[in-house]
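Let me put the structure up, and then I'll walk through a few spots in it.

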Amino acid sequence: MIHSAITGTGSCLPERVVTNQELEEMVDTTDEWIRERTGILQRHIAGEKETTASMGAKAAREALDAAGLAPDDVDMIVLATTTPDRIFPSTACHIQRELGTPVCPAFDVQAVCSGFIYGLDIARRFIATGGGGTVLVIGSEVLSRIVDWSDRSTCVLFGDGAGAVVLQARDEPGILSTHLHADGRYDHLLQVSPEVNGAFIEMKGNEVFRMAVNTLGRIVDETLEANQMDRHEVDWLVPHQANHRIIAATARKLDLPMERVVVTVDQHGNTSAASVPLALNQAVRDGRIQSGDVLMLEAFGGGFTWGSALIRY
């Protein structure tokens, strides 16, 4: 059987940083309220010339460099995004053009905040069936362009950025398992509808919070059971960065101290599909995550969608 493993990570964050103090001047909120409710201190916001494709391509180049590879080595590009640059063609095709990769499959995946986990699952199956030996999996978002900056309940939450990984064929498994779910009955709790509110993010925060905590708790059990693994064998939790309280609840489920949880929500806000690869890259680059560590990746997003990946790095 052909297995796969992550061999390189990369990221891209816009230069512009918007602090909670700046938001205090825009809407009726306070730095204290934002910190207590979400754990967010600041977020990065894309400039006029920064796009989902440009940030995704930059993160991908960094990941390829880390893996010691060139664009010519890429066999497929999977981009997770809910903010494509155009309706069509896919933003993955724009990234392919920017990178100069050979002709290969390139497409977008739309599962909102769970998109990167969905993309990872697709990539590992592509490799397992002999489709190719090297896949770029990217999460890139410019959520600031679908945020209503007059809505104090949502504008404080989101930021822009991109993260990427290189997944390569290996004899031994690096990706131990992936688990995907969706339940469209709850679509109205977190959505962007062109018919309502000018195509901006709408969220019923309390309901989403409760669903996220309960659902992520269940998927932790599912993932560990599938691998016949005890929760104490997990070295790091690399969660979707939506809210510090949700992250802490998942850590408690794993009986992990917060020192073993990768947290970037304070600096990045919620970057949707980009949040898991951004967090992963940061912990790899600063040396916290080491070869052989067992990582639990998880995410929950609009749809509702949710997913997890258990990885031996």
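So, for the labels: helices (H or I, at least four residues) and strands (E, at least two) are DSSP runs, numbered from the N terminus. This is a predicted model, where local features need pLDDT of at least 70, side-chain atom pairs count only at pLDDT 80 or more, and totals for chains, interfaces and linings use all residues. Residues are numbered from 1 along each chain as its sequence is written, and side-chain values use heavy atoms, with hydrogens and water left out.

Let's begin with T83, which sits in the loop between β4 (76-80) and α4 (91-99). T83 is buried, at 5% relative accessibility; buried is under 20% relative accessible area, exposed over 50%, partly exposed in between, using a 1.4 Å probe and protein chains only. What does T83 touch beyond its neighbours within four places in sequence? Counting heavy atoms within 4.5 Å as contact, you get T52, S140, E141, V142, L143 and I146. A polar atom of the T83 side chain is also 2.9 Å from the backbone nitrogen of V142.

Now the cysteines. With a disulfide being a pair of cysteine sulfur atoms within 2.5 Å, the whole structure has 0 of them. For C104, the nearest cysteine sulfur belongs to C93, 9.0 Å away. C113 is buried too, at 7%, and its sulfur is 17 Å from the closest one, in C155, so that's too far for a bond.

Last stop, helix α9, residues 275-285: 9 of its 11 residues are buried, so the rest of the structure largely encloses it. Among those buried are P277, L280 and N281. After α9 comes G287, with a positive phi near 90°.

Key. A polar contact is a pair of N or O atoms within 3.5 Å; within protein, one must be able to donate a hydrogen and the other to accept it, and residues adjacent in sequence count only if both atoms are side-chain atoms.
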